[in-house]
Amino acid sequence: MRMVAVVLGGGVGQRLGAGMPKQLLTLGGITLIERCVAAFEAAPGVDEILVVMARGYTGQVEALLGSRYRKVAAVIEGGLTRPESTRVALSAIAASESDDCGVLLHDAARPLVDQRIIADCVAALREHDAAGVAVATSDTIVIAVDGVMHSVPPRETLFRCQTPQCFRLSVISRAHELAAADPGYSPTDDCGVVLRYLPEMKVHIVPGSERNIKVTYPQDLTVAEALLRSELSSAPPA
């Protein structure tokens with residue numbers, strides 16, 4: 001089964017306040033989106049990469065990536081929302097794939113995804129129809145209603161979702177088809193779409209990493225820089 005990695009960079013990063021899509025910010029001198037593409041390019045189990053970029057920036061990203069990444073099939077324009085961008089990508093994959101394939105949906109705002117996570121995602125899709133990267137929470141989580149603590153769910157049942165989120169193309173396409181017909185639902189991630197609209201489908205957990213952080217606020221970029229410096233300083237000399 002072919003594996004297609006989708007790097008979702010369709011947002012504009014308003015919460016970061018950088019004046020440009022955050023995926024074009026640099027981390028260690030390399031843009032976030034290129035770091036993601038490079039990770040999937042280096043992954044033996046990934047056959048193809050599709051990049052989804054915010055409107056007006058596809059040409060800039062095409063020039064940035066150049067011809068260095070042989071797995072990149074296209075840089076396409078995303079939608080106004082995350083679900084719309086995902087659906088655009090799924091439609092593009094369906095138009096080019098004659099058979100069902102595996103799809104790894106990854107946020108361009110997670111530039112430090114590592115090869116172990118990607119390999120585990122590919123392996124999970126060879127066994128299951130749906131899987132998502134997640135890490136167990138170390139904090140106690142409280143459910144609150146109107147600013148008042150309501151209940152505390154068992155911590156051992158709680159995980160924090162990361163990406164990639166991984167599916168058979170037929171599964172995630174059907175889930176998004178159903179979600180698009182429901183105007184009252186605004187999903188924030190793709191595992192949630194499958195859980196809501198295909199409740200019979202088991203979404204398996206692929207262990208994530210504290211390193212696989214999402215750059216949402218300025219301080220997140222500072223943390224990512226510190227992680228990168230730490231790794232570089234501890235790496236053996238070439």
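Before we start, one definition: contact means heavy atoms within 4.5 Å. Also, keep in mind that this is a predicted model.

Let's begin with the sheet. It is open and has 7 strands, in the order S5-S4-S1-S6-S10-S7-S11. The pairing is mixed. Strand S5 (72-77) and strand S11 (204-207) are the edges, and each pairs on one side only. From one strand to the next, the twist averages 25°.

Now look at one pair. Strand S1 (residues 3-9) runs parallel to strand S6 (residues 102-107), over 6 bridges. Opposite Val-7 you will find His-106 in S6.

Next, the helices on the sheet. Helix H1 (residues 32-41) lies across S1, S4, S5, S6 and S10. Its angle to S4 is about 165°. Helix H4 (residues 115-127) packs on the sheet too, touching S1, S6, S7, S10 and S11. H4 makes about 50° with the direction of S10.

Two helices also meet each other. How do the axes of H5 and H6 cross? The axes of H5 (residues 169-180) and H6 (residues 190-197) come within 9 Å and cross at roughly 75°. Angles of 65 to 115 degrees count as roughly perpendicular, so that is what H5 and H6 are. H5 brings Ile-172, Ala-175, His-176, Leu-178 and Ala-179 to the contact; H6 brings Asp-190, Val-193, Val-194 and Tyr-197. These residues divide into 7 nonpolar, 1 polar and 1 charged.

Last stop: Ser-85, in helix H3 (residues 82-96). Is Ser-85 buried or exposed? Its relative accessible area is 3%, so Ser-85 is buried. Leaving aside neighbours within four places in sequence, Ser-85 contacts Leu-8, Gly-10, Val-52, Gly-78 and Gly-79.

Notes: Residues are numbered from 1 along each chain as its sequence is written. This is a predicted model: local features need pLDDT of at least 70, side-chain atom pairs count only at pLDDT 80 or more; totals for chains, interfaces and linings use all residues. Side-chain values use heavy atoms; hydrogens and water are left out. Axes are lines fitted to C-alpha atoms, for helices over the stretch in contact, and angles run from 0 to 180 degrees between N-to-C directions. Helices (H or I, at least four residues) and strands (E, at least two) are DSSP runs, numbered from the N terminus. Angles under 35 degrees count as roughly parallel, over 145 as roughly antiparallel, 65 to 115 as roughly perpendicular and the rest as oblique. Ala, Val, Leu, Ile, Met, Phe, Trp, Tyr, Cys and Pro count as nonpolar, Asp, Glu, Lys and Arg as charged, and the others, Gly among them, as polar. Buried means under 20% relative accessible area, exposed over 50%, partly exposed in between (1.4 Å probe, protein chains only). Two strands pair if DSSP finds at least two bridges between them.
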